[in-house]
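Subject: Structure for you to look at

Dear colleague,

I am handing over the structure below, and I would ask you to keep it open while you read the notes on salt bridges that follow.

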Amino acid sequence: LQNIVSKHSSQFRGNTQHDALEFLLWLLDRMHEDLGAASPAQQTRGPEEVGGRTPWLGGRGECPCQPQGGDSGGAVPRRVTHPGCVRRSSLTCPHCLKQSNTFDPFLCISLPIPLRQTRALNVTLVLQCERRRFLRVGLAVPLLGTVAELRAMVAREGRIPPEQVILAEVSPRGFLRSLSDAEELGAAGEGAPLYAFQPPPARRAGTAPSRPHWLCSPDWLGAARGALSTAVPRFGPPLVLREERGVSWEQLQQSILAQLRALLRGEVRAQGAGALFRICLAGGSGPCAYLSPQDPRPLCHPAIDRALQLSGAGGPPHVNLTVEWDVNTKERLFGDIQEEEVQDAESVRLQQQAHRQQHSCTLDECFQLYTKEEQVPAPPQP
């Protein structure tokens, strides 16, 4: 077989390796030509003699429905006895709407296989509803989507308005960053688990002005001979507070302790107790900025103003704060407490199972992707 093929095609001579598809195309083309040349009488048979079908095969760059050889009298297109196809490519100008068509005959076609367009992403909901306060849900997020789409999906899962959803990555060491609507979803949730927070309701009109939101993580730092070490995981659940910018350190400390009341061993008086912890601004690109207990308005720190200005659109304005505890104070107030246990919804298992399975598609989906319209970029202007 190799000797016979090499006599008719020099490209297959020798013992070098060749592509199987390339050889198949060459073989089909030669069989098509030889069988057509061996039976000239078959080329004159009508459509009824070829099973009632009239396959057309036009020349390259010309439409099989147009007259052949420049004949304007409506000459009949050339018939072939062996099935072939003609691919028509249409190019339409978006300005003048002029359409240009090209035709290319072929005997086989290579179809693209559609790839999976979504990925499984787990999001922990921190809601104000006590029955579903901490719930991890599984979502099928688009690969090329934006955070705005994820915010809408989380809002549907939590049955809350999208403008109330705060998305943030929370690692075992604390907050990493908040997500804005314009960001792409490609890297969301890969650096750390993703949390969706619902802020507490605002006070009624006439009682107090609306207050910004502060995400607090009750982290703590282990002390060894007076040196602080950040290699200690956080404990307890992340918190969401709504506070005035003008509150004092004692008022802010009391608000945080009120959120942690269920985790405390006993009653703790914030008034006159001094600074029980340190608070730093988390999620920034620069070094950590710590709030000062001696500052009469610690939330008016310039670093917080910069964080609010640099935060992207999406969700209510907020900043991420990390509460750091001394190891002795943490043991005295909380004991050996660990991170909050989160309940998994059934959607977590279903999404992981669905995305672990091999992606399948139909032949019709392959043809739809092959014939999908494309936007050709305009050539550069001279």
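E324 is buried, with a relative accessible area of 8% (buried means under 20% relative accessible area, exposed over 50%, and partly exposed in between, with a 1.4 Å probe and protein chains only). Please note that this is a predicted model, in which local features need pLDDT of at least 70 and side-chain atom pairs count only at pLDDT 80 or more, while totals for chains, interfaces and linings use all residues. Residues are numbered from 1 along each chain as its sequence is written, and side-chain values use heavy atoms, with hydrogens and water left out.

The side chain of E324 meets that of R278 in a salt bridge (3.2 Å, N to O), a term for a side-chain nitrogen of Lys or Arg within 4 Å of a carboxyl oxygen of Asp or Glu. This pair links distant parts of the chain, as E324 lies in strand 14 (residues 318-325) and R278 in strand 12 (residues 277-282), 46 residues apart; helices (H or I, at least four residues) and strands (E, at least two) are DSSP runs, numbered from the N terminus. R278 is partly exposed, at 36%.

The structure holds ten salt bridges, and another one joins R30 and D34 (4.0 Å, N to O), which are four residues apart in helix 2 (residues 20-38) and therefore separated by about one helical turn. R30 is partly exposed at 22%, and D34 is partly exposed at 42%.

K330, which is buried at 2%, forms a salt bridge with E331, their closest N and O atoms being 4.0 Å apart, and E331 is partly exposed at 34%.

Best wishes
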